[in-house]
Amino acid sequence: MKNSFAADVAVLGGGAAGFFGAIACAEANPDLNVILLEKTTKLLSKVRVSGGGRCNVTHHCFSPAQLVQFYPRGGKHLKEPFKQFGAQDTVQWFERRGVPLKTEADGRMFPTTDSSETVAKCLEQAAQRAGVRVLTSTAAERIEPLAGGGFCLYLSGNQELRVGKLLVATGGNAKSAAYDWLRHLGHTICEPVPSLFTFNVPNSPLKELMGVSVPQARVVLAGEKLEYEGPLLVTHWGVSGPAVLKLSAWGARRLHELQYTGMALVNWAPAHTEETMRQWLQSFRNENGKKIVAANPLFGLPQRLWRTLVEQAGIGSETRWSELAGKLQNRLLELLLRTPLPVRGKTTFKEEFVTCGGVPLSEVNLKTMESCRVPGLHFAGEVLDIDGITGGFNFQAAWTTGYLAGRAMATT
């Protein structure tokens, strides 16, 4: 016999968006019976591992018009939602609940404790105080809209849950089939593909430089309108760092089409054009003719990287600038501006996995996050076709969409 029970509002997914939606709903209308269901045993798992265990809560970008520019998908639709609940609102929300945030030099915002556990506990306690009932190890195996409105959720463990409103905050998924139940409810799905990944370069000319990083480099994908500038890290499998991760986010769909193969060109001195670098090198050479090329790194580059580029240009280890053949200087200039890295595959950070794809925003009312196709069905977080680059932007989208959905569901 089935165990049947009811609630006013159910939230599917015990992550950032799910918790925020459940809390917003229960706080806005304390009379409602709000239940949150998580299919695994772990709550807020992404919150706990993000930012190296520090939790990059949001980004210090308080202008909605500027904030939307950090979203490869969904950005143009998020301007109005961010006006309703943006990064500044997030900061105030956590501060009011005893979790002050601090801003780092690159704009990322973390709890002052530098511990993601602070953020996770804050959300769990806020849910508890608001009266949200949280069930773990409880999966919705099937969802059916009811004729008179609301939904019947057929849960694991032979249980049935009847609810008036439903928030889907189940996160992104790499497998298209994982969205079939939403197709069954009448939604289309933007096919999911990975976003935020590093480049595998099995035949990398930088193979011996594992761990070397530069604070500013430009990565361009040859033949494509894809480039990004930022810190770059050489790894044992290829290249990583914000420049690569952000490029992968903007190019997620195109790189998927290319099957993650192509030629990445790295500019190690992005402040220079070919012309200005040529002039600068010539001027340096005229004034420092006695200096050994390999022993004196230029453009603030790490010694190991500089030596490798000099060696690849065919310049001897004892060659002085005054002795340097013009052809070899040109080769060095070419490597400084365009070191070629043949990309063959990607590596995804499992714990910070982001997909682009999901429910198209054209099928959602962005004021309430309610489905335009199924009354009473709301969405929040990565299940939507929204994804940001690294820096706290994906969490901000989760807080915003969760908040708007929760508030909307609170009105009966």
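Me: In which strand does Leu-36 lie?

Reply: Leu-36 lies in strand S2, residues 34-37. Strands are DSSP runs of E with at least two residues and helices are runs of H or I with at least four, all numbered from the N terminus. The model is predicted, so local features need pLDDT of at least 70 and side-chain atom pairs count only at pLDDT 80 or more, while totals for chains, interfaces and linings use all residues. Residues are numbered from 1 along each chain as its sequence is written, and side-chain values use heavy atoms, with hydrogens and water left out.

Me: Why does Leu-36 count as buried?

Reply: The relative accessibility of Leu-36 is 0%. Buried means under 20% relative accessible area, with exposed over 50% and partly exposed in between, for a 1.4 Å probe and protein chains only. Leu-36 therefore counts as buried. In the protein, buried residues make up 53% of the 412 residues.

Me: Which residues does Leu-36 touch, leaving aside residues up to four places away in sequence?

Reply: Contact means heavy atoms within 4.5 Å. With residues up to four places away in sequence not counted, Leu-36 touches Val-11, Gly-13, Gly-14, Gly-18, Phe-19, Ala-22, Leu-43, Val-132, Arg-133, Val-134 and Leu-135. Leu-135 is 99 residues away from Leu-36 in sequence, yet the two are 6.2 Å apart in space, C-alpha to C-alpha.

Me: What makes strand S1 a partner of S2?

Reply: Two strands pair if DSSP finds at least two bridges between them. Four bridges join S1 to S2, and these strands run parallel. The value meets the cut-off, so S1 and S2 pair. Strand S1 (residues 3-12) is also joined by nine bridges to strand S9 (residues 159-168), again in parallel. Val-9 has Val-34 as its bridge partner in S2 and Lys-165 as its bridge partner in S9.

Me: Why is helix H1 called roughly parallel to H6?

Reply: The axes of helix H1 (residues 16-28) and helix H6 (residues 116-130) cross at roughly 30 degrees and come within 9 Å. Axes are lines fitted to C-alpha atoms, for helices over the stretch in contact, and angles run from 0 to 180 degrees between N-to-C directions. Angles under 35 degrees count as roughly parallel, over 145 as roughly antiparallel, 65 to 115 as roughly perpendicular and the rest as oblique. The crossing angle therefore makes H1 roughly parallel to H6.

Me: Which residues make that contact, and how many of each class does the contact of H1 with H6 have?

Reply: H1 contributes Phe-19, Phe-20, Ile-23, Ala-26 and Glu-27, and H6 contributes Leu-123, Glu-124, Ala-126, Ala-127 and Ala-130. Ala, Val, Leu, Ile, Met, Phe, Trp, Tyr, Cys and Pro count as nonpolar, Asp, Glu, Lys and Arg as charged, and the others, Gly among them, as polar. The contact of H1 with H6 accordingly has eight nonpolar, no polar and two charged residues.

Me: Which handedness does the crossing of H10 and H12 have?

Reply: A crossing is left-handed if the near helix is turned anticlockwise from the far one by less than a right angle, and right-handed if clockwise. The crossing of H10 and H12 is right-handed. By class, the contact of H10 with H12 has five nonpolar, three polar and three charged residues.

Me: What is the order of strands in the open sheet of seven strands, and why are S16 and S17 at the edges?

Reply: The order is S16-S15-S12-S13-S14-S11-S17, with antiparallel pairing. Strand S16 (339-344) and strand S17 (346-348) each have a single partner strand, so one side of each is left without a neighbour in the sheet. On average, neighbouring strands of this sheet are turned by 40 degrees against each other, direction ignored.

Me: How many bridges join S13 to S14?

Reply: Two bridges join strand S13 (residues 226-234) to strand S14 (residues 238-240), and the two strands run antiparallel. Val-234 has Val-239 as its bridge partner in S14.
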